[in-house]
Each structure stands twice: as structure tokens, then as C-alpha cells.
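Grab a pencil and let's work through a few exercises on aromatic rings. Have a look at the model first, then try each task before reading its solution.

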Amino acid sequence: MTAANAMMRLMSEKGKESQQDRYYRIQKIGIEIFDKEMREHHLPENMIKLMHKHCDKYYGCCPIQEQMMEILMEVAHFTLGEANAARKIVAKKQMDKIPDLKKQVYEKVNNSTIADYLWEVAVAPQLGYAFSLNHSLPYSFVGIQTIYLAIAFNPIYWNTACLIVNSGATDQESGASTDYGKIAKAIGDIKAAGIKLSLVNINTSEFGFAPDIKNNQILFGLKGLLNIGDDLIQLIIEKRPYISPKDFLMKINPSK
């Protein structure tokens with residue numbers, strides 16, 4: 001996702017309070033504001049109780065996709081399948097299906113006042129952005145891992161990992177063809193950041209980009225050489241070290 005797309009997904013509907021602002025407002029004053037809001041909308045006690053159950057820990061907000069599903073099932077009597085279908089429509093921003101989803105909510109609730117509040121609090125805000133619990137946990141793990149990597153290891157490891165990913169090197173596992181434009185851009189970005197990238201070194205370079213801690217640089221990979229196949233690269237690595245061009249020729253006996 002690009003930064004622009006991410007910002008668009010975080011934006012609220014024009015003229016509406018964003019989930020971030022709502023969270024801040026209610027958290028600052030207290031959860032009783034949420035309770036007062038529901039009573040001012042003349043919600044029945046059973047719905048107020050259910051909304052407190054699902055929303056209090058988020059200060060009256062509905063930022064989680066699975067949270068919306070639970071509310072739709074308990075308040076609007078959606079089946080699990082219907083609630084999951086609603087989640088997909090909202091999460092994937094299938095705007096052509098939103099009117100039918102809204103109609104479904106209103107028909108199941110059969111009370112326009114309750115349906116209005118349910119839609120505005122539990123469904124419409126997720127058209128801006130909502131988290132999925134099964135994504136949030138692994139994303140948190142990745143965040144912690146990257147923080148530890150940045151603190152405990154020489155930054156050249158992180159920079160090398162970024163270059164490997166941004167150059168498309170990991171795409172090769174799926175059989176994709178080499179994108180030299182992508183590689184060139186990734187290398188340009190690394191150099192522009194002031195990170196040193198070596199030329200290919202016959203004695204130290206690995207198959208792909210690799211960290212060179214001793215010289216605080218990234219080693220260019222042997223795979224980057226034109227017309228050099230994987231088998232030859234493996235042979236070059238196995239026959240190291242080379243003390244001269246003649247030594248290399250004698251050990252490898254390369255073709256033209």
C-alpha cells in the first residue's frame with residue numbers, strides 16, 4: 001500500500017468525526033460520555049449493554065473488523081456468514097455493495113433510530129479504516145522484531161535486508177523474471193541514503209546482496225553479473241579463495 005492510499009483509508013467521511021478524534025474525545029472525558037450519547041439517541045437498554053460490551057475498551061469506537069462482526073451478530077441478528085460478508089464489503093471498500101449492506105442492516109434491525117446509530121458507530125467508520133485482529137498480532141511481532149534488529153545489530157544488516165526486498169530479490173523464489181529497473185532503483189535509493197555498496201568481490205561476495213560488517217558496507221551479489229548462471233556461482237564460492245586471475249582460471253576453467 002502506498003502512503004497516499006494509507007492516508008485515504010484513514011480519512012473519515014467528509015464532515016464526520018474520525019475514529020481517532022472520537023477516541024480522543026471520549027477517552028479524555030470518560031466512558032460515561034459514550035453512555036450518555038446512546039441514551040440521547042433513545043437506544044433500548046439491551047442495545048446499550050451490548051454496545052458497552054463491545055466498545056468500552058475502545059472508548060466508544062469500532063476500529064476492529066471482528067468487533068463490527070460481533071456487533072452485527074448480536075445487535076442486528078446477522079449470521080456469522082452474513083457478518084463476515086459485511087466485513088469483506090467494508091474492508092475491501094466494495095462501494096457498489098455498500099447500499100445493499102446498509103439496507104440489510106436496516107431491515108434486520110427494523111428500527112430506524114437503532115439502525116441509524118448502529119450504522120454510524122459500528123459500520124460507517126470502518127469505511128475509513130479498520131484493523132483485523134489476525135493481522136494486528138503478527139504485525140506487532142514484526143514491529144518488535146525490527147526494533148530489536150535495529151537496536152541489537154549493526155544497521156548494515158537492516159539496510160541489506162531492505163535492499164534485498166526492495167530490489168525484488170525475494171521475488172525470484174516464485175520464478176519471476178529479473179526486474180533490472182527495480183534493482184537499479186533500489187540501489188539508487190541505498191546510495192542516496194549514504195550507505196556504501198561495494199562492487200562484486202570474487203572472494204567475498206555471496207549469491208545475492210550480503211552485509212560486510214568489517215567494512216560497514218553491502219556486498220554486491222554474484223547473481224548480479226551478466227551471463228553467470230547459478231551453477232557457476234556455486235562453483236566460484238566453493239573454490240575460494242583466489243589469489244590471482246590465473247588462480248581463478250585454473251580452479252574454475254570458465255567458458256568464454
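**Exercise 1.** Which residues do ring pairs link into a cluster?

Before we start: this is a predicted model, where local features need pLDDT of at least 70, side-chain atom pairs count only at pLDDT 80 or more, and totals for chains, interfaces and linings use all residues. Residues are numbered from 1 along each chain as its sequence is written, and side-chain values use heavy atoms, leaving out hydrogens and water.

Step 1: get the rule. Rings of Phe, Tyr and Trp (its six-membered ring) pair if their centres lie within 6.5 Å; planes under 30 degrees apart are stacked, over 60 edge-to-face, and the rest tilted.
Step 2: apply it. The count comes to five aromatic pairs.
Step 3: find the cluster. Ring pairs join Tyr148, Phe153 and Tyr157.

**Exercise 2.** Work out why the pair of Tyr23 and Tyr59 is edge-to-face.

Step 1: the ring centres of Tyr23 and Tyr59 are 5.3 Å apart.
Step 2: their planes meet at 85°, so this pair is edge-to-face.
Step 3: Tyr23 belongs to helix 2 (residues 19–29), while Tyr59 is in the loop between helix 4 (45–55) and helix 5 (65–75), 36 residues apart. Helices here are DSSP runs (H or I, at least four residues), numbered from the N terminus.

**Exercise 3.** Sort Tyr148 and Phe153 by accessibility.

Step 1: recall the cut-offs: buried is under 20% relative accessible area, exposed over 50%, partly exposed in between (1.4 Å probe, protein chains only).
Step 2: Tyr148 has 55%, so Tyr148 is exposed.
Step 3: Phe153 has 38%, so Phe153 is partly exposed.

Definitions and conventions. Helices (H or I, at least four residues) and strands (E, at least two) are DSSP runs, numbered from the N terminus.
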